Structures are given as structure tokens and as C-alpha cells.
Amino acid sequence: MAPYLLRRFAFLLVSLVLASVVLFVLLRMLPGDPANALTSVGASPEQIAAARHSIGSDRPLPEQFTHWIGQLATGDLGTSFVSSLPVGPEVGSRLNVTVPLTLAAFLLAVLIAVPAGFVAAYKRHTWYGALLSGASQLGIAVPVFWLGMILVAVFALNAGWLPAGGFPPDGWDQPGEAVRSLVLPVVTIALVMSASLIRYVRSATLDVLGSDYLRTARALGSSFGRAMWRHGLRNASVPVVSVLGIELASTLLGAVVVESVYALPGLGSMLATGIAQHDYPVIQGVLFVSTLAVLLIGFAADLVQRIIDPRLRGRLSGGAP
Amino acid sequence: MTLLDIHGLTIRTADGHTLVDDLSLTVAGGERLGLIGESGSGKSLTTLAVLGLLPDGMTVTGSIGLAGTQIVGAREKHLTRVRGRDAAIVFQEPLTALDPLMRVGRQIAEPLARRQGLKGTELQRAVTRALEQVRLPEPDRIARAYPHEISGGQRQRVALAMALACEPKLLIADEPTTALDVSVQAEMLDLIDTLVRERDMAVLFVSHDLAVVARVTDRVLVMKDGRAVEEGDVREIVRRPREEYTRALVGSARRLESALDARRAR
Amino acid sequence: MTQTLRTSSEAPQAAPAKRRGRRSATLITGCVLSGLIFLLALVSLVWTPYASDDTSGGRLTGPGAGHLLGTDKLGRDLFTQLMTGSRIAVEAGLGSVLIAAVAGVTLGVLAAFAQGWLDDTLSAFLDILIAFPTLLLAMLIVAARSATLGSAVLAIGLAQSAVVARVVRILVKRVLAQDYITAARTSGTSWPWIVAGHVLPNIWPTLVVNLALQFGLAVLAEAGLSYLGLGAPPPNASWGRMLQEAQATFTTAPAGALAPGVLLVLLVIGVNLVADGLRDTLDPATRRRRS
């Protein structure tokens, strides 16, 4: 395990560096000059040059890159061109919204999808099994923002049970309000996410139900329930875990749309603002942190898979979904 | 005393194809019966029907009495009690028949614990003993291995050990050597022969290969297209096959036997 | 004694004949649903009830005689907007899938032929690309160019080509491992011929199914982008932007906030059903496994 961990960690670092380079280069391809955002419309060439100098965008690209990487190495995400505030603390406070949102939605989605996917497979010839499969078909076709709009209309505007959007100004110092304002966003993401998860759980369960080892266990006297518990659960979790990693990562980054529906001050809305204002340090900071999170999640998913599945030994990354 | 009594067994798919047609056979306690036929003749389905493990949607008519229990139409709860205790099975493909994610030792421990009520170190010793009985070298190492880490022949011995751990009255062997290298087939057959003799177990041995069946069983039933074509003493059938189909089987078995003899003589 | 034996508490499986019937039913339902939207899009090219900039209808009128579904907050006919939106959705889907198909197949075939470290690097690269959601990559590219339908399509198509490339790579590797490829190679067939003669014919059923699924995802992604204001700019009525504009008036004028979403869902379900139906009819391997 130890050499594997070492190699997998090296892979993570290389990926991170690669991703940073791609990120950096892609951003510099953005048309428009960030200095424009700093100066008023009729600014003189000297003022623009001064603005460029103050944010360092007049220096050669390799120099800007090494400067940024050097900052990153010391844990500094840079300073916003627009607000002149450090990006790091801002990202930190945004994570207070995005991380609970993502994790809660993820947990809820798993809690829905695992039993629902199992029933959809095991009871596939009954009406409720078919209904579950149909519901997941419908779920993957529903755009997440539209589902959010409908939930807001029903539960916030009509029923008035929950806030339609926003986050308390004092954040988690008002825990009741903070939780209330996250309920609908969490449910929105979880419903859409569980729709696709149900399909994976269902097909993993179908594979197990048709497997020879389950038949062997039952042929030698295990009850169906016991055989599923001892053999089915573990085997079905192998493909599901690899999908879970990808789902979690994409929820984290896909939160951008849901945060926009509910006007939540999360990482996603910070990114959207950053893109609109050509605020490179903000975009870079947010994307770097998200990339790191995505890679770490992938790392964790691979580790869990290797612990479950001894056949993966000797392979660098985990199985594909 | 009749241990297995199949009478008028008919198996149909949901769209009405008849896969096994009015099959009747009996196996007495301690007796060995070979079930022979080409693939698709319905012999494997018959073994699954005996255990009540047919795929969904297949319709069974007729009667299967196993150690006094009527299998056809029995509830799952009753079937669970019968499986393992009255009949245990070794399947054809040892790689997929074992759980790929569980160490071999734990897989053998499961039936041992259930049938013999063993726990802890006692159970571990029983696992080692079970692996030794099927002539596996280094039983402790094998017990810690995962199925993909041992050879096909070793896996099939593990599957046999699991079936024997149930201490069944009837051992069903469904093409247990077909997936193995020719070089280990003979050893496997001798092993089954010896272990079953020691335990005075009845055997239902399924194969497409008459030469293989003849090594283990005394009596043989030839199946074709879901029907019993011919039944009798193995030597009798080999010497004087009555049906055209049986003659063809005997012919191919002869050729194989002589080839094996030539190999052994070397 | 006649009884039905059940191995578990499940109902018996439907007969193969009946299943084949259900399979084509899936395909037909999918074709009807998506065909309806395609038809709407085609008709919108030559005829719409009103001009797309005709604001004579009065603001936020409900469904009625003059306007089938009412008007939006600028007084434009909702049904006209929906028709234009269907055209944008279909264009977005087709455009993205075309880019994803060309770039993805090329990259996937190349990656499949790569060996050793190059193979490892390429597949790791694809994995990293895939780890990023389509939407995010699209946002970056849209920001880098400008908010037009073309940018959105390019972005979505490129993001999806990574997914297609990975699928193609796996499929091609599987084909290349077959004995008949070795036979073709030893008999001196050149690589381009092997790809054209053996590889592509073998992978296309799975590829087509995958592209149909990507079409649905592309439509969803375009709607998401235009909801965020990163898709086709006004006055083009993309369904995503229509929904965004109608969000504030959901309770007073629900038609505008529901209709585009319903059409979007119908189109995506439609192509997904087509994909499922095609998979079952085209791919003999999954035909047996899926039940």
C-alpha cells in the first residue's frame, strides 16, 4: 500500500501542477484587459499603464506564472485586482457556504439513491420498481436551476415555509437562519444528483443479482438477505464509489448554478463575478482551490476503491465507472 | 433409501420454450449418477432446479423430492434450509463462482460456521483442515489469498471445499473440470472420487464428456434436448450404446481416452 | 402437480418477444418526443405566430385567444419564443455533438494506439478533463470569447469531446485486442485501413448511443449557460434565458416559468429514450445483459 500511496500522491501533485499551468494559460487567453476594470472609461494611456503595473499584468507571462506559483507555495492566493482584498480569506468565507451545501446535498443524494437504486433493481418487475427507474429517467432530464425555481415557487413563495434565497449576513452566527436558507438548495442538488446515482446503483445491483458468487452462496445455504449483505453490498459498492467521487466533485463545482438560483454567497457566485470582472487572481484562486478539492476527492475515491477491491492492486488509478 | 427423486420434471421459459421435458431420475443415498449430454441439453438447469435456484421467470412442473422435501413450489425459507444440508453444488466456472472481493478463508468459513456452528480459532482450524482435505498446499497462505491470486485448479478445489464443508447428503458437480486445464482435470476427478467415497456421499455428476463421467460414477443418464435418451450402467452403455446419440458420445470419449492413455504411458 | 417455482420474490421476467416490443416502444416514444421539438425548431425557421421582437401583445397576459400561452414581461408572444428556443436548443445539441464526435473520436483513436507512458499520460489527462464539469469549462471558454451561442456550443462540444475520447479509447483498445486485428496486421493491412475497416464498424453502435446521450447533456448545459447569462445574447430566446427572465414572475405568470422547462425536459427525455432504444437494438452485447 505504501508505495502505491506514494505514487498516487506524486500523480496528484503532477496533476495539480498541470492543471495550474492550463488554468493560467487559459486565463491569459481571455480577451479584455483587467486594467480596464480598475480605471474609469476615459482613462489616459498613462493611467492604464500605471494600473497594469500595479497589478503586475505588464510583466512577461512566465514571470507572472512563477510569481503566482511562488505565492501559492506559501499559501497565498493573491490579491483581487478589483477589490484589492486578499483572495484567500474571501475563498475561505465562501467555503463556509459551499462546503456545507455540497456535503449535505451529497449525503442526502446517497441516502436517497442507495435504497432507491437497490429497489429499482431488485423489484424491477413491480410497478414501484418501474416507477423509481422512470423517476430517475425524468430526474436526469430536469435542469437543476429549473427544479430550484419550482421548489422556490412552491415552498417559499406559495407556502412561505422557507426563504426563497439569500444567506443571513452574519452567516453561521445565525445558525437557524443559515440552515433554513440552505434547505431548498440542498434538496435541489440532492434530487438531481440522486437521479443519476440511482441509475448507477441500479445497474451495480443488477450485476450482483446476476452474479455467480451470489448463486454459490445461496446454493450452499445462505439466505438471500445474508448473501446480499456479505457479498452483494461490497461488490456493488465498487462501481458506485468511483462514480460517487466524480459526482461529489461535479456537485462542488456545479454549485455555481444553484448558488445563482438561491443568491447564495458561495464559491460559485465568487467565480461568476470574477469572470465578469476579469479579476484573474479571484478566478485563479477559486479554480485552484476547486481543482485541489476535485483531485483530493478523486484521491480519496481511489483509496476507498482499493481498500474494497483487492484486484486493483498494481494499478495506478481506480476503475472507470 | 431414495435421496433424490425427480419425477416428470419439465422446465419452460416464460415464452413457452421447453428446456427440460418430462425428466425422471432417482439417486439413492451414497449412489453416484452421471448426467451427460451436450450443452443446451438441460442438464445444468436440472441441477439448478434441484436446489430451487432457477433463473427468474422459468416455470417448473413435476416433482423434485430431495431427502423428503418437495422442492417444486417450496417457499424460499424452506429451500434455504435444504440447500447445503441436503445438497451442495460445485459449479463449472470457479473464477466467477467465488466472491472476488473476499479472502478464500472467509468464504470457506461461512458454510463451516453455519453447518457446524464453529467460531474463532476452532473455525480457523476447520478452514485449514478443509483446505488440506482438498490437497491444497500451504493452506494458510491460500486462506489469506483472494480468488484472483490463486490458479484455476486451486480455485475449483476451494469451491469443492466449500461444498464439502456443508456436509451435504448429495454433492452436485456441474461440469467441475470443464474450465480447468487438461493436466489438472484428472487430479480433480480423483479428488472428488476419493473425498466422496470417504464420506459415503451421493453424487450427481454433470458433464458433456462421457470419459469424465465414467471416472466418477457407476450409473449414467444420457440427456438430449431436455429429454432422457438412455440410462444404465456406465460400462454397459460404453460397451453397447443403444441410441445413435449415445454412440456418438461413446465414440468421442474413446478417442479422448486413448489419447489420455497415450499421455499417461509417456 | 403444477406449480410455478420462483427463485426469489420477483415476478417472472417478461418474454423476449414482449421485451423486444417494449424496446421499440422506447425508441418510438423517444423519437416522437424529440421529433416534436425538432419539428417545432424546423417550423420556426419559416414561420412563427408573431415576430420575435413583436411586443404588441401587452405585458404578461395569460394564455388566451390571441396568444396561445400568453406573453412575457416585454409583451412578446411566449409560444413564438418557445419555438425560437427550440431551434437554439436543437442547434446547441447538434453543434456540440458534432464537435464532440469529431474531436473525441480523433483523440480517442489516437490515445488507443498510444503505448506505455504516452498511454498513461493521455488517459490521466482525459480523466482530469472529465473531472471538471462541462459547465465550468464552458464558463471559462465563454468568458474567454464572448457570450454567444457559438461560444457556448464550442465550449460544450470541447468539454464533451474528453468524455467521448475516453469512451472511444476504451472501445478501440478492446477491438485492437481481438484476434482478427492481429490477423489483419500480420497479413500486412495498414493502420488506416484497420481503423476504417475493422475499428470504426465495431465501435459505432456504442458511439452513436453515447453521442445521443451527449446531445441531451449539451442541451442541458446550454440552458444552464444561458440561465447564467453566458449563452446566446438577447433578443435570442434561449429556453435557459427565458426561465431566468421568468423567475421573478413565477407566481403571477407561471406559464413563462414552466413551459420552457417542460419542453427542455421533453427534449432531453426524448433523446435519452432514443439512446436507450438504440442501445438495445444496435448493441448485441448489452441486449442480452440488460433486462
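I took helices (H or I, at least four residues) and strands (E, at least two) as DSSP runs, numbered from the N terminus. The model is predicted, so I noted that local features need pLDDT of at least 70 and side-chain atom pairs count only at pLDDT 80 or more, while totals for chains, interfaces and linings use all residues. Residues are numbered from 1 along each chain as its sequence is written, and chains are lettered from A and ligands numbered from 1 in the order in which they are written.

Chain A. I found twelve helices and zero strands. The C-alpha atoms of chain A fill a box of roughly 85 × 55 × 35 Å along the principal axes. I called a residue buried if 20 or more other C-beta atoms lie within 10 Å of its own, exposed if 12 or fewer, and partly exposed in between, with C-beta atoms placed from the backbone. On that count, 43% of the 321 residues in chain A are buried.

Chain B, four-stranded sheet. I counted two strands as paired if DSSP finds at least two bridges between them. The sheet is open, antiparallel, and ordered β2-β1-β4-β5 (chain B). β2 (18-28) and β5 (69-70) of chain B are at the edges with a single partner strand each, so one side of each has no neighbour in the sheet. Seven bridges link β1 (residues 2-12) of chain B to β2(B) in the antiparallel sense. Leu9(B) is opposite Leu23(B) in β2(B).

Chain B, six-stranded sheet. I read the order β6-β7-β8-β3-β9-β10 (chain B) in an open sheet with mixed pairing. β6 (87-90) and β10 (227-233) of chain B are the edge strands; each has a single partner strand, so one side of each is left without a neighbour in the sheet. β7 (residues 170-174) and β8 (residues 202-207) of chain B run parallel and are joined by five bridges. Ile172(B) has Leu204(B) as its bridge partner in β8(B).

I used contact to mean C-beta atoms, placed from the backbone, within 7 Å. Leaving aside neighbours within four places in sequence, Leu204(B) is in contact with residues including Leu4(B), Val27(B), Leu170(B) and Ile172(B).

UniProt record. The unreviewed entry places "domain: ABC transporter" at residues 1-250 of chain B; such annotations may be inferred rather than shown by experiment, and positions follow the numbering used here, with feature names shortened. I found that span to be 42% helix and 26% strand, with its end C-alpha atoms 31 Å apart.

How values were computed
Two residues are in contact if their C-beta atoms, placed from the backbone, lie within 7 Å.
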